[in-house]
Amino acid sequence: MIYIILVDLFSKGYIGIKKKVFAQIKVFEKKFSPVYYTSHSGQMVYLMSDGKILEKELAITKQECNQWILEWIKKYGIQRTYIRYNMSDKWFIEFIKELKGKNVKSVLEFPTIPYDAEISNNRVRIEDQYYREQLAAYLEQCTTYLNCDTVFGIPCIPLINGVDLEEYPVHNIRKPDGTIVLIAVAAMSYWHGYERVIEGMADYYAKNGTVNIILRLVGEGTETDKYLQLTEKYQLQEHVELLGRIEGEKLNRLYDEADIAIGVLGLYKKNMTYATPIKSGDYCARGIPFVYGYDDGGFSGEESYVLKVSNDSQPINMKEIIDFYNQLKKHNFYVDDMRNYASQKYTWDIILEQVMEYYTE
Amino acid sequence: MNFEEELFDLYVKDYRIESSCYNMMGRMLETEWMKERLELFHIQSLYIYGGGYLGVQLYNAIHTMVDVKAVVDKNGGLSVNVKGIRAISFDDLMEEYAGEKIIITPVKYYQRIKDDLSKRIDEKQLLFLGEFLEGMVEQ
């Protein structure tokens, strides 16, 4: 089997994707070993297995990437492909047509649906919109992280983002000290919507709120400057900390020094109401209660350790956060609840069950 | 494939080559990045294959960090009008070569150059410029 992904799987910007891809590969390996995978960087396409480069070739165009992969599929006698979607063009259509012709069983994963609003390059968007209509002619199965039956006419298996519990240290609950510490760990993109928290804090303190609330923003991205400006505008420097990119042990400590995590609050900007972002799974696996603002594939919103807020531009009401915090204080066993839930709901073995069935049909 | 489709494919390839060259040119301006890549590939001395813009730009980017033995070009000269860079032919290279890495810079003719070089030189010592700049490093 081969997992086809045409990005630089090993670059710093793709850490989250790499984690996910390898977790999925781990599941595929249980039945279809060896599982090969690709990576594309520096105009080279690589075929890898078990962390080793088996093949590498110069591939300037997508067409060349596809040609090399087809050659490797033949060379290694590969029967199944799992393809991470990377936009349609005429060469991708030719590629999947060829796979179908060779009776290779393929599943196409759409990492995001809908995604048009995310494509800033007009040419890529138009090209994709035209060619994706042909996908259904050559593919019988796809997956995505949205609850839908078909995507562009291809029967779809809905997935949620899984987590590997072993990778997440258990969240230690902080002793109450009169301060509520919020933490948001993200690449600070527009759909994270953290301005809603900053504005909510501004409202709260403008109305003489007395609880000391600290928001720690961990990560960097296109919205960082905006968050900084808002913090200054509302004079919240004592309450909002922009910490930049932090990983590993230092990040674990920051989680331990926080009470509540902040999930995605700006999906409305993408015209989306439903999603299963990795972030929710991450927070759940750590056992830190969190706030989010959309319909999550993994949570109903009724769980005692989550606070579901509206999916719009309204500032987050700090009184709701304080009430949520006070509720949490009443029972400290939610960490185990969350980790148990994550272990049942978020393991890739369970998430990919239907995909495995499709491959073995 | 009809003529127009074939032509379209060629246009796409040319466009991709141009944009790759542009990106590589830009990447080579990042001094710290270049240092990091040289360390990652454990390069202390090397040859640069290709005396065009990319080859000369690479020379300028790294010649103070490592020992650039020479720029190799089939004509034994540079296509860029600069002085002070040692340029040699393929035959000259064969006479003095002692197992150093060779970074191949021409994008369009990479495959042909690699095939030619690998007849006489261990393939593991050959690196494409893009691979050197952003590719994976075999452990």
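**The open sheet of chain A**

Mentor: Chain A holds an open sheet of 9 strands with mixed pairing, in the order β4-β3-β2-β1-β5-β6-β7-β9-β8. Strands here are DSSP runs of E of at least two residues, and helices are runs of H or I of at least four residues, both numbered from the N terminus. Two strands pair if DSSP finds at least two bridges between them. At the edges of the sheet stand β4 (52-58) and β8 (150-151) of chain A; each has a single partner strand, so one side of each is left without a neighbour in the sheet.

This is a predicted model, in which local features need pLDDT of at least 70 and side-chain atom pairs count only at pLDDT 80 or more, while totals for chains, interfaces and linings use all residues. Residues are numbered from 1 along each chain as its sequence is written, and chains are lettered from A and ligands numbered from 1 in the order in which they are written.

Within the sheet, β7 (residues 142-144) and β9 (residues 154-158) of chain A pair in the parallel sense over 3 bridges. A:Thr144 stands opposite A:Pro158, which belongs to β9(A). Across β5 (80-84), β6 (105-110), β7 and β9 of chain A lies helix α12 (residues 353-360) of chain A, at about 155° to β6(A). Such angles run from 0 to 180 degrees between N-to-C directions, with axes as lines fitted to C-alpha atoms, for helices over the stretch in contact. Contact means that the C-beta atoms of two residues, placed from the backbone, lie within 7 Å.

Two loops of chain A carry cis peptide bonds. One joins A:Ser33 and A:Pro34, with omega about 0°, and A:Pro34 lies in the loop between α1 (15-32) and β2 (36-41) of chain A. Another joins A:Ile113 and A:Pro114, with omega about -10°; A:Pro114 is in the loop between β6 and α4 (122-131) of chain A.

Positive phi values in residues other than glycine occur at A:Met188, near 45°, and at A:Asn271, near 55°. The loop between β10 (179-185) and α5 (195-206) of chain A contains A:Met188, and the loop between β13 (260-262) and β14 (274-275) of chain A contains A:Asn271. A:Met188 is buried, with 22 other C-beta atoms within 10 Å, whereas A:Asn271 is exposed, with 9. Buried means 20 or more other C-beta atoms within 10 Å of the residue's own, exposed 12 or fewer, and partly exposed in between, with C-beta atoms placed from the backbone.
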